[in-house]
Amino acid sequence: MQSWFGGQPDVLTDPETQSDGSPGNNQTPPVPSTSNDRPPKPAERTRLPSDDTLNRSSHGTKSNVDDLRNSNSALIHQLSTQEASFMNQLTQCTTEFAEKEKALKKELTEVSSALQVQQNRVASLEQRIRERDAQFTSCKDEKGKLGCQITDLKNQLYQLVRIITCIYL
């Protein structure tokens, strides 16, 4: 059996038998070296078993191998169908997600603008309340001052009434 690094793809055989079916001597032939000792190209590394090897495989007869090939083909077809279905579902989910994200962003914008309107309204009402409180406080102060003036005027009136009554009496 020759190594695949040698550049010639060989059919893998049992080390106990030679290619003619006679028992071997368990010796592997030397690996030929290349002149520049560089790794082989990837194309040289590709190694596929020959049809003879497949026919002599542990799977049995050629009909079994054909059955396995057909089964493998059916499984590959099923896998590709499932992959296509998965990709379609993934695309559909992505589209639905994008639509929901767009709708939620629109709703967020609407809610944000409504919130801003309400915050402006609250600020306006708070300002009006502060103004009314200020007016109320100033009215209280003015009431207090007017109450004092009324009291003073009453005192002056009583004094004038006494003076007048004293004069005419």
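Modeller: In this predicted model, a residue is called buried under 20% relative accessible area, exposed over 50%, and partly exposed in between.

Biologist: What makes E101 partly exposed?

Modeller: The relative accessible area of E101 is 37%, and because that value falls between the cut-offs of 20% and 50%, E101 counts as partly exposed.

Biologist: Why is K105 called exposed?

Modeller: K105 has a relative accessible area of 51%, which is over the 50% cut-off, so K105 is classed as exposed.

Biologist: What makes the pair E101 and K105 a salt bridge?

Modeller: Their side chains come to 3.9 Å, N to O, and because a salt bridge needs a Lys or Arg side-chain nitrogen within 4 Å of a carboxyl oxygen of Asp or Glu, the pair qualifies. Both residues lie in helix α3, four residues apart, which is about one turn of the helix.

Biologist: How many salt bridges does a search of the whole structure find, and where in the chain do R69 and D66 lie?

Modeller: The search finds two salt bridges, and one of them joins R69 to D66, with the closest N and O atoms 4.0 Å apart. R69 and D66 are in helix α3, residues 62-168, and because they are three residues apart there, about one helical turn separates them.

Biologist: Why are R69 and D66 both called partly exposed?

Modeller: R69 has 39% relative accessibility and D66 has a relative accessible area of 29%; both values lie between 20% and 50%, so each residue is partly exposed.

Definitions and conventions
Residues numbered from 1 in each chain as written. Predicted model: local features only at pLDDT ≥ 70, side-chain atom pairs only at ≥ 80, totals over all residues. Heavy atoms only, no water. Helix = DSSP H or I, 4+ residues; strand = E, 2+ residues; numbered from the N terminus. Buried < 20%, exposed > 50% of the residue type's maximum accessible area, 1.4 Å probe, protein only.
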